[in-house]
Amino acid sequence: MSRVEAYEPTTRTIPTRARDRAAYDHDTVHAILDAGYVCHLGFVRDGSPVVLPTLYGRVGDRLYLHGSSGSRPLRMAGEAAGEARDPGLEVCVTVTHVDGLVLARSAFHHSINYRCVVVHGTAHQVTDPEEKKAALDALVDHVVPGRAADSRPGNAKELAATAVLRLDLREVSAKIRTGGPHDEPEDLALPYWSGVLPVAPVYGAPIPSDDLAPGTPEPAYLSAR
């Protein structure tokens, strides 16, 4: 039997509640990350917490986070990178999926079925040109697999305006809730509906641009979604 690869739990990745919902194996963590589009990037600026939504992509055990070269976390990481020891920027990144609305008989026991990943670590600005190009390709392909090879690469001006943060997946945990409501035994006879309303993303039919050249075929990777 093959060994299951997993991230080592730490004091920051072990939940204080519902520890049975936590997971650290690579397959679970990576699947949750790969299924999302937007992450939330948290950091501290001038003593105050800041949380920003941004695009991301995963390459192996590494996350790449997208931003403009003038954005606050990218500027901070860039400033840190200029120091001798390159300490980077301490961040917390989260990705969450809502899979169902859990309706219980009591208001207290209402809940949500979800999958989430929390990543703690030190982010560094990507400065190597080849790594930056590969990271930007990964960001595009994360949203629509195959799209990076089916679009014009960024030019020098666009690449200069775009910045990328690199965050290694080392201190990571997933947390998952599934199933129905957990009503109190004395509430089971109450005349209120209980159960789960599933939630899932739905993709509509592609809408071509008004200025799309006549005869341009719709990419096969869109119909596969």
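User: Before we look at any pairs, what do buried, exposed and partly exposed mean here?

Analyst: Buried means under 20% relative accessible area, exposed means over 50%, and partly exposed lies in between, with a 1.4 Å probe and protein chains only. Arginine 152, for example, is exposed because its relative accessibility is 58%. Please keep in mind that this is a predicted model, where local features need pLDDT of at least 70 and side-chain atom pairs count only at pLDDT 80 or more, while totals for chains, interfaces and linings use all residues. Residues are numbered from 1 along each chain as its sequence is written, and side-chain values use heavy atoms, leaving out hydrogens and water.

User: Thanks! What makes a salt bridge, and how many salt bridges are there?

Analyst: The rule asks for a side-chain nitrogen of Lys or Arg within 4 Å of a carboxyl oxygen of Asp or Glu. The count here is 12 salt bridges. One of them joins arginine 152 to glutamate 158, with 2.8 Å between the closest N and O atoms. Glutamate 158 is partly exposed, at 33%.

User: Which parts of the chain does the salt bridge between aspartate 183 and arginine 105 link?

Analyst: That pair has its closest N and O atoms 2.8 Å apart. Aspartate 183 sits in the loop between β8 (171–177) and β9 (195–198), and arginine 105 in the loop between β5 (89–103) and β6 (111–125), 78 residues apart. Helices (H or I, at least four residues) and strands (E, at least two) are DSSP runs, numbered from the N terminus. Aspartate 183 counts as buried at 15%, whereas arginine 105 is partly exposed at 22%.

User: Which residues are linked in a network of salt bridges?

Analyst: The network is made of Arg62, Glu131, Arg166, Asp168 and Arg170. Within it, glutamate 131 and arginine 62 meet at 3.5 Å, N to O. Glutamate 131 belongs to helix α3 (residues 129–143) and arginine 62 to strand β4 (residues 62–68), 69 residues apart.

User: And how should I read a nonpolar core?

Analyst: In soluble globular proteins, nonpolar side chains tend to be buried together. A nonpolar core is a set of buried Ala, Val, Leu, Ile, Met, Phe, Trp, Tyr and Cys residues joined through side-chain atoms within 4.5 Å. The largest one here has 24 residues, and those with the most contacts inside it include Leu33, Leu65 and Val119. Strand β5 gives the most to this core, with four residues. A second, separate core of six residues includes Tyr64, Ala135, Leu136 and Leu139.
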